[in-house]
Amino acid sequence: MRKKLGWGLVLLVVVLLIPGTGMAKESPQEAVDSYVQKVLQTFRQYEGTELDTPEKRKEFKEKLSCIAGEVFDYRIMARMSLGQYWRDFSGEQQQEFVQLFRRLIETNYFNKLLENMKEVKAYSRDTIVLTDQIVFSSSKAEVRSYIRLQEKKIPVNYRLLSRSGEKWGVYDVRVEGVSLIQNYRSQFRDILNQKSPQELLEVLRRKVRKQKIGQPEKS
Amino acid sequence: MRLRLWLALAVCLALALAGSAWAGDQSQKKESSQETDLIRELEEDFSSRDRSAVADPLEPYNRVVFRFNDGLYSYVLIPVSNGYKAVMPSPFRQGMENAFHNVRFPGRMVNHLLQGRPLRSAKEVAGFVINTLFGFGGLLKPADSIPGLSPPEKDTGTTLGTWGVGQGVYIVWPVLGPSTLRSSTGMVGDYFLDPLFYLEGDELGWWLTGTENINKLPSLMGRYEDMKDFGIEPYSSVKDGYVQYRREKVRK
């Protein structure tokens, strides 16, 4: 009896030591799902309050930013959107670029969500539906979903990566087949063909400064 | 004999390189080497998609038209669209869009056939019958709630795509906006497949199409404004967005 228990303990220790078996890792779909649920919950929480004061808007934005930061891998997103030009940036410039890129995406993304909040009355469970996941390898996967807006179904696919068995992070979002990162890549390429990294950073700084949450930029 | 010598040299060099690369890997932390592999893989994914971007030899002309369109959208069409939105509640707009979509089924049906998808063709016919009979002449789309009865939308441009015709050069049309040579050719085909242009009375088809497009303005302009908000270089953003969108439409 004791012997059996001993072997059982050994086995348990061995199982715990093998990476990835001890704790069941979240699947890509679970990772996106928990993110989506948290966003919807935050929206429900703020529904009715008009987000009319700047403090309210700031609080709302920070909450979303926090939720998104858990699952979006902004460093990889920023790096991929620069492509070959990443290496032309100094370490300091790279860091600033990642920060600005994050703010650019967040502000636009949250504004878009806010806009839709007015259109779609209640964010219910079936507004955003995750359909399936494709795991390409131990480090790359895609989660497919659609957003239901009135009668339209808009397909939204998330691309995820996982570094050496760590948790999954989103590095690209494809809306109706249009990759966000690919799109930024083409824009940054056009700018960096003629301008220096420093000048691109200045363009981004100006763009980010102009945007405010809840007040889409009017131009 | 000489060839052999070269071969031997090449093998030695390859081995040496592999050896040094291996040694380099060993000296690095295992994690970071895995990370560089992953980054290289992603970079390869993205750059292979970059390579299938369309050529833009007309860029100087396109940019002028783009700027013209931008002014037209901002100062004319977006105000018109907002006014229309104010007087036409969303369900009415949606109903009208549905009705136009419904009567245009022949174009989609023919293109499914041309792409060798008879089943999708049959689904278009079934959808048309169901929506016309049970959706008040197509104002509602009851067929959409039947699983598997809404095939992806296909137009003549996508047919050319499935036949292996490349997208061709990028063209920005006044008013209409982004297009490619292939999509523009496809639009001619779509015109001939459009039942509205076979109605009695020469101008009726154009009037109806005009009405349809005004009705669609809110969603079209909304999409344009989104692109402008997200982008920092609107010309490239719209070009890339359009090309990616069309490529996906062919692929589906």
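Chain A holds an open sheet of five strands, laid out in the order β1-β2-β3-β4-β5 with antiparallel pairing. Strands here are DSSP runs of E with at least two residues, helices are runs of H or I with at least four, and both are numbered from the N terminus; two strands pair if DSSP finds at least two bridges between them. The edges of the sheet are taken by β1 (128-137) and β5 (178-179) of chain A, and since each has a single partner strand, one side of each is left without a neighbour in the sheet. β1(A) runs antiparallel to β2 (residues 140-149) of chain A, and eight bridges join the two. Within this pair, L130(A) has S145(A) as its bridge partner in β2(A).

All of this comes from a predicted model, in which local features need pLDDT of at least 70 and side-chain atom pairs count only at pLDDT 80 or more, while totals for chains, interfaces and linings use all residues. Residues are numbered from 1 along each chain as its sequence is written, and chains are lettered from A and ligands numbered from 1 in the order in which they are written. The average pLDDT (the predictor's confidence in each residue, from 0 to 100) is 82 for chain A, with 78% of the residues scoring at least 70. Among the elements of chain A, the lowest mean, 58, belongs to helix α1 (residues 2-17), and the highest, 95, to helix α4 (residues 74-82).

Over in chain B, strands β1 (residues 170-173) and β2 (residues 177-180) run antiparallel and are joined by four bridges. V172(B) finds its bridge partner in β2(B) at P178(B). Three residues lie between the strands of this hairpin, where V175(B) takes a positive phi near 65 degrees.

As for how the chains meet, the contact (C-beta atoms, placed from the backbone, within 7 Å) takes 27 residues from chain B and 28 residues from chain A. On the side of chain B that touches chain A, α2 (30-50), α4 (90-103), α9 (204-230) and α10 (234-251) of chain B each supply at least two residues. The largest share, 10 residues, comes from α2(B). By class, this side of chain B has seven nonpolar, nine polar and 11 charged residues. Here Ala, Val, Leu, Ile, Met, Phe, Trp, Tyr, Cys and Pro count as nonpolar, Asp, Glu, Lys and Arg as charged, and the others, Gly among them, as polar.

Key: Two residues are in contact if their C-beta atoms, placed from the backbone, lie within 7 Å.
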